[in-house]
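Have the sequence and the 3D view open as you read.

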Amino acid sequence: STQEQTPQICVVGSGPAGFYTAQHLLKHHSRAHVDIYEKQLVPFGLVRFGVAPDHPEVKNVINTFTQTAHSDRCAFHGNVAVGRDVTVPELREAYHAVVLSYGAEDHRALEIPGEELPGVFSARAFVGWYNGLPENRELAPDLSCDTAVILGQGNVALDVARILLTPLEHLEKTDITEASLRVLRQSRVKMVWIVGRRGPLQAAFTIKELREMIQLPGTRPILDPADFLGLQDRIQEAPRPRRRLTELLLRTASEKPVREEAAGQALASRAWGLRFFRSPQQVLPSPDGRRVAGIRLAVTRLEGTGEAACAVPTGDTEDLPCGLVLSSVGYKSRPIDPSVPFDPKLGVIPNVEGRVADVPGLYCSGWVKRGPSGVIGTTMTDSFLTSQTLLQDLKAGLLPSGPRPGYSAIEALLSSRGVRPISFSDWEKLDAEEVSRGQGAGKPREKLLDPREMLRLLGR
Ligand code: FAD
């Protein structure tokens, strides 16, 4: 049975879901071999291209992922886009099981007029730009305006606000790209509004990220005390994290700053504010129609209470002048291959405990399984569960019996198609180059942005 042979398993995507799935499979099966396919040249998904540059501690998971990649039963194959360079049916032919963990790479559109105007970006693209995602390296956002509006109130929205407002001398010590530092140095953005359709009790960011904003040097928070009326009494029954978050918001909105802080805040040349109960209705163009000049917000009120409350428009609107709009209203997975079931409404692969509905031997983990929310820790738990399901099926004899060729079959296919994969040791060469380029500037690394240059460095 497959149990006694070497189960050949492949994982699609090398973000936290891919690596944690591989880690669990290798740990709990003594012979399983795991190949990880990744469409970027480099590994680690959103840990490299999402997590904010000023949160280096979050990226420590890369050490664990690197250990997994070093296992002699694991191989990394970068520069291979599944669905384009190789299909899912081809992978299913070559492996006993295939795990899809390719994340959620699209952004949710605002679906309002003016969304296409220059000066409107998805937070996804903006984050990709400062984090060195090759496809976003030409983004060149114009930061010559004084007000930016971020639509959405999750942690990604706060990441983006923080990057726009953090003093440059702090960012210069991080792995943010030099190209984006050059643009940020010219930035004239002084005010950042972070807009949410619902109220303070529904804000999706967490307390650590909020506290960082409140303590951001050279900036002051702007909160409207009217948004918080009556909240004190309503939060007593809320779960503890929500209660603590709301208490911090309340304190910030109502407290007079202590003296030194007040002095600091009076000096603060930059500000950020949370604007609640506002839903984007239209991006307003400049008189010449060439770029964004503002945003029209519909004023809302809540129907229902708690996390499930709905924002409904009151009929009033408010125009907020701004030169930059960043929409941070969520991510979305793409269908990968016509053979794989996909729920376009939820933007996930329909599955039961990680088993893809109606396709034996096919599994999923991470954001493509659960939808695009949750931190790396949530993604870890979820990926371990998928691996467990897979190993149970293997044990129960539900996976194909008989040997499977694994990578050797795929390697031949890729080579016939002119695709040249990047191995983990190739990545380690690029990694060393990045670290050495960062050294002069006191940065942990200077990311390589151009895939052609990366290939050249590898002698391709
Ligand atoms: P991803 O990390 O997106 O990995 C998917 C991988 O699949 C990518 O490498 C992608 O290139 C690859 N791929 C896609 N399509 C294909 C294909 N066709 N073929 C081959 N490979 C493919 N969590 C925290 O805990 N702390 C934070 O500070 C934090 N900051 C975040 C900041 C941002 C901007 C975002 C968006 C998320 C952040 N998160 C943070 C959440 C965390 O990043 C996610 O929980 C986690 O990355 C999800 O893992 P994943 O593997 O499902 O997706």
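## First, what counts as a helix?

A helix here is a DSSP run of H or I that is at least four residues long, and helices are numbered from the N terminus. Keep in mind that this is a predicted model.

Start with α3, which spans residues 61–70. Which of its residues are buried? They are Phe-65, Thr-68 and Ala-69. These three sit on the same side of α3, because they cover an arc of only 100° around the axis.

On the face turned away from the buried side of α3 you'll find the exposed residues Asn-63, Gln-67 and His-70. And what do the buried residues of α3 pack against? Their partners are α1 (16–28), β3 (74–77) and α16 (424–439).

An unreviewed UniProt entry lists several residues under "binding site", among them Asn-155, Val-156 and Glu-209. Let's look at two of them.

Val-156 belongs to helix α6 (residues 155–165). Is Val-156 buried or exposed? It has 26 C-beta neighbours inside 10 Å, so it counts as buried; the cut-off for that is 20 or more. Setting aside neighbours within four places in sequence, Val-156 is in contact with Ala-123, Val-127 and Ser-328.

Glu-209 sits in helix α9 (residues 207–214). With 19 other C-beta atoms within 10 Å, Glu-209 is partly exposed. If you skip residues up to four places away in sequence, Glu-209 touches Leu-158 and Asn-155, and Asn-155 is also on that UniProt list.

How values were computed:
Residues numbered from 1 in each chain as written. Predicted model: local features only at pLDDT ≥ 70, side-chain atom pairs only at ≥ 80, totals over all residues. Buried ≥ 20, exposed ≤ 12 C-beta atoms within 10 Å, placed from the backbone. Helix = DSSP H or I, 4+ residues; strand = E, 2+ residues; numbered from the N terminus. Arc of directions from axis to C-beta. Contact = placed C-beta atoms within 7 Å. UniProt positions renumbered as here; feature names shortened; annotations may be inferred.
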